[in-house]
Amino acid sequence: MINAIKNYNKILGLNARNLDYVLKKDRTSLAIADNKIKVKRMLKMAGLPVPETYAVIKNEKDFKKFDWDLPKSFVLKPNQSLGGEGVLIVYGKKKNSPTWIKAGQSLIPLEDIKHHVYNILEGNFSPSEKSDKAVFESRVRLHPAFKPYTFKGGVPDVRVVVYEKIPIMAELRLPTKASEGRSNLHLGGIGVGIDMKSGITTTAILRNRLVETVPDTRHVLSGIQIPQWKDVLRIAALAQKHSGISLLGVDIAIDRDKGPMIFEINSRPGISIQIANQSPLRERLKRIEGLKIKSARRGTKIARELFGGEIEEELEEISGRKIIGIFEEVEIIDKNNNKIQVIAKIDTGAYRTSIGKDLIEKLGLKESKKTINFVSSLGRETRHVVDLEFSIVGQKIKTLASIADRSGLKFNMIIGRRDLKYFLLDPKRKLSIDGLDKIE
Amino acid sequence: MTNIIPYLLSQGVSQEVLAYILLTPLIATFIAFLRQVVGLKSIGVYHPLLLAFAFVGAGLKEGLILFLLIAVLANAITYLVKKFSFLYLPRLTIVVTVTTLALLLTISIIRFSDYNLTLQSYLPIIIILALSDKLVTIQIKKNVRSAIFLISSTIIIALLSYLILNISWLQEISLSYPIIFLITLLIINIFLGRFRGLRINEIWRFKDLLRLSSKD
């Protein structure tokens, strides 16, 4: 119960979303965001990837003149519609018959496609109910990474919620038979939470309930690696930057050959992404309040640092060890018991931790009276040692480190395997941003 | 200001009319509350409001029967008319005209004679006819599941509003203290307009997240 009260303010509900984010947008940006043709033009100008447009039917005159020689697979969209309403996804055509196959596998004859276009033109899907335009565009080809999880013909996408160039939360949206190829959750799509750091999926929901597998095929939904994860985040952050809308949902589909493409942007991103990620949005938004981020690249970096790491946490929990990278920030206790920060290199080839002479002097530590015999590729040598107390990622270590002349070397300290028993080494792990600034 | 009501009454405006005028913002507030705080959905704000008044005008049972009749007829006729392509507005008018015709026929067939469908209650029929257009488009736009959900929750909100309209002490209060009554509504709405909390249906939706223990 106490948890519930604590968590109440961390979750973003529709009221808070509308008051704090949707209503504060300026009208011109909003008018563009709700118009798919204008959005596409804007994104293209910014050099961002979007699916190719085959044709636009603007009015009844266009409708009458249109030659209905449609490709085998395409997506038909109303120019102005919300939440996937009126979006038709077609992925095949019957031989010798003007009949197409919808994602979700039902058939749709040309007459019905025409009827659908007619409904779009009339504005039946547009929120303002004014007449609308129909857009035909190419269907993004399914990436093999998503193939086992996607219902035939569907287009899965990654929804990234971005606030002021910082991706806040992401979700893989998988179409099902019920959603007819569309990835929208309220139409029956599966939402899968994503660890912001690694781009690996975590927990999943179907119709607001947690699920572990795809209902029909029983494929496990956690542990899916999103291809080109960093690009996905960066493209999402760039799309937000160019849209001028502070809180934006960016839907990115990943094409088999062409890579990430912006499928749609949404000025009123849905809130169920919080259930898929089992993590509240408002809390994350509060954590970055007031941050001024210059570039999308920087925003992406911060996002991965700040909101990622669920997968790592899980690993750490199971193994009882902490994950570190090749370079880590180390805090050494000097003679006055102050903590001094140093960047150290992790070296599993060395047995003993080794520290530079200069650094020892700077720290004011005294050499131990003992010496240690070393056998290395250079032969046998005797080195002085020092009693050292330091901590990496919060783990305290007491050791006997050898003293070496490390002047001219990039790192003043290397940590050997003797002191690594509490850690798992991930060579791909990057130093935190604070640490990077120190090296630079 | 406080003398407005007695003055209007003395000028021959009926007490009932005045009470309903004053209760209209109350119903609107009630609907806003159900949507912002409880999280119920409805087709617009005016739809349940107008429907509630249609129920008041026609009587609850008659109103519901009329609503269902017109909803079914309008849908069937729209479906038929769709086969020919007409421009939007004339087509709408065609639907309304044919629905009216079908409605008259149906009423006489099921012998509505014991219902009070005299000239006094022509307004409910017109209100429902005007609303029927939206009932048709909502089904094209949404899938069947959400269309049924939206229409039934609109009816439920209208029914609740109808019940409120019939509370006699509310009518009396609004007539006795019209200014205080309206200002109270205004204050309630100012609070509703700034309400950032989770809606009751969202608390239900996020119940697992709410239970989650935070790590830090």
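Which side chains meet in a salt bridge with 3.4 Å from N to O? I looked this up before anything else, keeping in mind that the model is predicted.

**Entry: a salt bridge inside chain A**

I found the pair to be A:Asp34 and A:Arg268, whose side chains form the bridge at 3.4 Å, N to O. Then I checked where the two residues sit. A:Asp34 is in the loop between α3 (27–33) and α4 of chain A, and A:Arg268 is in the loop between β13 and α8 of that chain. They are 234 residues apart, so I noted the pair as a link between distant parts of the chain, counted as a salt bridge under a limit of 4 Å between nitrogen and oxygen. I wrote down the general point too: side chains of opposite charge can pair when their charged atoms come close. A search over all chains gave me 17 salt bridges for the whole structure.

**Entry: where chain A meets chain B**

I turned to the contact between the chains. Chain A puts 39 residues into the contact, and chain B puts in 34 residues. The buried area came out at about 3200 Å², with carbon and sulfur atoms giving 48% of that area.

How many salt bridges cross the interface of chain A and chain B? I found 1 salt bridge there. It joins A:Asp20 to B:Arg196, and the closest N and O atoms of the two are 2.6 Å apart.

Next I listed the elements on the side of chain A that touches chain B. Those giving two or more residues are α1 (2–8), α2 (14–22), α6 (110–121), α8 (273–277) and α9 (281–287) of chain A. The most comes from α2(A), with 6 residues. By class, this side of chain A has 15 nonpolar, 14 polar and 10 charged residues.

**Entry: chain B by itself**

I counted the elements of chain B and got 11 helices and 0 strands. For its extent I took the C-alpha atoms, which fill a box of roughly 65 × 60 × 35 Å along the principal axes.

**Entry: empty space**

I then looked for cavities. Rolling a probe the size of a water molecule over the atoms shows where empty space is left. I counted 4 cavities of 30 Å³ or more.

The largest cavity holds about 380 Å³ of space. It is lined by 35 residues, and the closest to its centre are A:Lys36, A:Lys77, A:Phe263, A:Glu264 and A:Ile265. The elements of chain A that give two or more residues to this lining are α4 (36–45), β6 (134–137), β7 (157–163) and β13 (259–266). I sorted the lining of the largest cavity into 14 nonpolar, 9 polar and 12 charged residues.

The second largest cavity has a volume of about 110 Å³. Which element gives the most to its lining? I found that α6(B) does, with 5 residues. At least two residues each come from α4 (60–82), α5 (88–109) and α6 (122–141) of chain B. I noted that the lining includes A:Asn124 from chain A, along with chain B residues, among them B:Thr78, B:Arg91 and B:Asp133. The classes here are 5 nonpolar, 4 polar and 3 charged residues.

Note on methods
Residues numbered from 1 in each chain as written. Chains lettered and ligands numbered in written order. Predicted model: local features only at pLDDT ≥ 70, side-chain atom pairs only at ≥ 80, totals over all residues. Heavy atoms only, no water. 1 Å grid on protein atoms, 1.4 Å probe; cavity = no way out; pocket = protein on both sides within 12 Å on 5 of 7 lines; lining within 4 Å. Points joined across faces, edges and corners; volume = space filled by probe spheres on them. Nonpolar A, V, L, I, M, F, W, Y, C, P; charged D, E, K, R; others polar. Contact = heavy atoms within 4.5 Å. Buried area = accessible area lost by both parts, 1.4 Å probe.
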